[in-house]
Amino acid sequence: MRQPQIIDRSRDQHFMREALALAAQGAAMGEVPVGAVLVHDGEIIGRGFNCPISGSDPSAHAEMVAIRAAAQAVSNYRLPGSTLYVTLEPCSMCAGLIVHSRVSRVVYGALEPKAGVAQSQGQFFTQGFLNHRVLIEGGVLAEECGAILSAFFKARRAKG
């Protein structure tokens, strides 16, 4: 039987702040400000922020970039025992990658009402057909995560 995981809120907030700093880097480049870090044994092994515009890569979501970096860092396409911290609820593309890479836990900040699949537009991670279960925790620093997105889109609308 699997041991219950002990959740450390202060640790979750610490790593979410790291993801928020990455989101700010993306915003400075004109990218939608979403940041992600992948953590294993208390160490960040992958970092990423949205960069589909600057990279001309529609798959370059923060989660994708962080998971790719982590897989390269550990020379393995599977990342069991890791936790992904991301400032925005994952979309379906990223959710698929999370399952295939065997991430153990996802902690996200703000809800994504249009495309989020952890909670907003269905509960992808609970589907019976999946061969890997991911623990999901939403709402960590949700106000801060939502605020950076709101400010970005407000500034974009003001520019016209």
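The following is a short exchange about the predicted model shown above.

Visitor: What kind of model is this, and from which number are residues counted?
Guide: This is a predicted model, in which local features need pLDDT of at least 70, side-chain atom pairs count only at pLDDT 80 or more, and totals for chains, interfaces and linings use all residues. Side-chain values use heavy atoms, with hydrogens and water left out, and residues along each chain, as its sequence is written, are numbered from 1.

Visitor: Which strands are the edge strands of the open sheet?
Guide: The sheet has 5 strands in the order S2-S1-S3-S4-S5, with mixed pairing. Helices (H or I, at least four residues) and strands (E, at least two) are DSSP runs numbered from the N terminus, and two strands pair if DSSP finds at least two bridges between them. A strand at the edge pairs on one side only, and this holds for S2 (43-49) and S5 (135-137).

Visitor: By how many degrees are neighbouring strands of this sheet turned against each other on average?
Guide: Axes are lines fitted to C-alpha atoms, for helices over the stretch in contact, and angles run from 0 to 180 degrees between N-to-C directions. For neighbouring strands of this sheet, direction is ignored, and the average is 15 degrees.

Visitor: Which helix packs on the sheet, and what angle does its direction make with that of S4?
Guide: The helix is H4 (residues 142-159), which touches strand S3 (82-88) and strand S4 (105-110). Contact here means heavy atoms within 4.5 Å. The direction of H4 makes with that of S4 an angle of about 60 degrees.

Visitor: Is Asp41 buried or exposed?
Guide: Asp41 lies in the loop between S1 and S2, and has a positive phi of about 50 degrees although it is not a glycine. Most residues other than glycine have a negative phi. Buried means under 20% relative accessible area, exposed over 50%, and partly exposed in between (1.4 Å probe, protein chains only). Because its relative accessibility is 66%, Asp41 counts as exposed.

Visitor: What is the phi of Ser56?
Guide: Ser56 is in the loop between S2 and helix H2 (62-74). With a relative accessible area of 65%, Ser56 is exposed. Ser56 is not a glycine, yet its phi is positive, at about 45 degrees.

Visitor: Which backbone oxygen does the side chain of His132 reach?
Guide: His132 sits in the loop between S4 and S5 and counts as buried at 16% relative accessibility. Among the residues that His132 touches, not counting those up to four places away in sequence, are Val99 and Arg102. At 2.8 Å, its side chain reaches the backbone oxygen of Val103.

Visitor: Why do the residues under the UniProt annotation "binding site" gather at one spot?
Guide: The annotation, from an unreviewed entry, covers His61, Cys91 and Cys94; UniProt positions are given in the numbering used here, feature names are shortened, and annotations may be inferred rather than shown by experiment. They span 34 residues in sequence, yet they gather at one spot because no two of their C-alpha atoms are more than 9.3 Å apart.

Visitor: Is Cys91 buried or exposed?
Guide: Cys91 is found in the loop between S3 and helix H3 (92-100). Not counting residues up to four places away in sequence, Cys91 touches His61, Glu63, Ala115 and Val117. At 15% relative accessibility, Cys91 counts as buried.

Technical notes:
A polar contact is a pair of N or O atoms within 3.5 Å; within protein, one must be able to donate a hydrogen and the other to accept it, and residues adjacent in sequence count only if both atoms are side-chain atoms.
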